[in-house]
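Here is a friendly walk through one protein model, heading by heading. Keep the viewer open as you read.

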Amino acid sequence: DSVKDWSGLRVLDVGCGEGDLSAMLAFAGAKNIHAVDYSSEAIKKASDRIKIDSIKFECIDAIDIKGRYDIVVMAGVLEHIDQPFDFLDKLINKNLEKDGMVITASPSFMNPRGYVWMALQMLLDVPMSLSDIHFFSPQDFIEFSKKNSLKLEMNTISHDWGGGEKTILDFKKRLVNALSDAGYDNSNVDPFLEWMKKAIPYFEHSDYTGAIMISSLAKSSSD
């Protein structure tokens with residue numbers, strides 16, 4: 001929804017995985033999609049699964065990508081990058097056309113699910129994920145966009161996952177395993193989740209309380 005018309009656009013899909021998002025962009029009308037991932041296994045699966053002429057799959061580190069694109073998309077990528085905003089800066093300055101846009105989706109923790117995980121991770125060193133090394137808030141993108149004179153639009157999706165029934169389902173497995181892996185007693189998870197079931201309906205949702213944050217950063221023609 002960040003782009004009203006994809007037709008004719010050249011798109012870079014960073015961290016494309018098995019190619020599902022690239023295929024969606026092709027069906028949306030993108031002229032060509034350069035889909036990259038550093039995992040050779042992911043690229044092989046993508047190439048075997050998806051046979052669309054407008055998509056080029058390549059196994060390459062995104063830091064080495066040359067050329068410019070109208071749109072750069074990243075779904076679940078920035079949270080795994082060592083220096084995420086340096087990487088974002090590189091994409092914007094080296095790989096984005098003058099009037100281009102970067103659209104990135106990452107986990108958001110401005111919700112009951114996030115409050116629990118951030119408390120556990122920051123206070124007790126209980127990791128939610130062994131691969132997520134950064135945890136973003138809206139302010140991170142607001143500050144980055146101001147610093148770089150970018151137009152920023154933000155919203156969130158997956159509200160039920162952030163603060164609804166799916167939160168409880170997610171915690172039933174993930175919370176039990178995380179506490180156990182960190183050496184903590186997990187016998188009180190069920191009573192805690194029973195309390196959460198009663199508390200979550202009182203949580204007030206807003207544009208920022210979904211489990212996935214979508215950030216669109218656009219250059220202006222005056223840059």
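## Pockets

A word on method comes before the pockets themselves: on a 1 Å grid over the protein atoms alone, a pocket is an open set of points where a 1.4 Å probe fits, with protein on both sides within 12 Å along at least five of seven lines, and a lining residue has an atom within 4 Å of a point. Grid points are joined across faces, edges and corners, and a volume is the space filled by probe spheres set on the points. The model is predicted: local features need pLDDT of at least 70 and side-chain atom pairs count only at pLDDT 80 or more, while totals for chains, interfaces and linings use all residues. Residues are numbered from 1 along each chain as its sequence is written, and side-chain values use heavy atoms, with hydrogens and water left out.

The second largest pocket has a volume of about 470 Å³. Its lining comprises 18 residues, and Tyr-38, Asp-61, Val-77, His-80 and Ile-81 are the ones nearest its centre. Nine of the lining residues are nonpolar, six polar and three charged; here Ala, Val, Leu, Ile, Met, Phe, Trp, Tyr, Cys and Pro count as nonpolar, Asp, Glu, Lys and Arg as charged, and the others, Gly among them, as polar.

For the largest pocket, the volume is about 590 Å³. Here 22 residues form the lining, with Asp-1, Ser-2, Leu-21, Ile-103 and Ile-214 nearest the centre. Helix H1 (20–28) and strands E4 (69–75), E5, E6 and E7 each contribute at least two lining residues. Helices (H or I, at least four residues) and strands (E, at least two) are DSSP runs, numbered from the N terminus.

## The nonpolar cores

Which residues have the most contacts inside the largest nonpolar core? They are Leu-12, Val-14, Met-74, Leu-88 and Phe-141, in a core of 23 residues. Strand E1 (10–14), E4, H3, E5, H5 and E7 each give two or more residues to this core, and H3 gives the most, with four. A nonpolar core is a set of buried Ala, Val, Leu, Ile, Met, Phe, Trp, Tyr and Cys residues joined through side-chain atoms within 4.5 Å. Buried means under 20% relative accessible area, exposed over 50%, and partly exposed in between (1.4 Å probe, protein chains only).

Leu-88 sits in helix H3 and is buried, its relative accessible area being 0%. Setting aside residues up to four places away in sequence, Leu-88 touches Met-74, Leu-78, Val-102, Phe-141, Phe-144 and Leu-217, where contact means heavy atoms within 4.5 Å. From Leu-88 to Thr-104, 16 residues apart along the chain, the C-alpha separation is 9.6 Å.

## Helix H5

Two of those partners of Leu-88, Phe-141 and Phe-144, are among the buried residues of helix H5 (residues 138–147), which are Pro-138, Phe-141, Phe-144 and Ser-145. Viewed down the axis of H5, these buried residues fall within an arc of 135 degrees, so they line one face of the helix; the arc is that of the directions from the helix axis to the C-beta atoms. Lys-146 and Lys-147 are exposed on the other side of H5.

What do the buried residues of H5 pack against? Their partners are helix H3 (84–94) and strands E5 (96–107), E6 (151–157) and E7 (212–218). After H5 comes Ser-149, with a positive phi near 55 degrees.

## Trp-117 and Asp-170

Trp-117 belongs to helix H4 and is buried, with a relative accessible area of 0%. Beyond four places in sequence, Trp-117 touches Val-126, Pro-127, Met-128, Asp-170, Phe-171, Arg-174, Leu-175 and Ala-178. Trp-117 and Phe-144 are 27 residues apart in sequence and 25 Å apart in space, C-alpha to C-alpha.

Asp-170 is found in helix H7 (residues 165–181). Is Asp-170 buried or exposed? Asp-170 counts as buried because its relative accessibility is 14%. With residues up to four places away left out, Asp-170 touches Arg-113, Trp-117, Trp-161 and Leu-175.

## Positive phi in loops

Asp-125 is not a glycine, yet its phi is positive, about 60 degrees. Asp-125 lies in the loop between helix H4 (112–124) and H5, and at 62% relative accessibility it counts as exposed.

Ser-158, also a residue other than glycine, has a positive phi near 60 degrees. Ser-158 is in the loop between E6 and helix H6 (159–163) and counts as partly exposed, at 32% relative accessibility.
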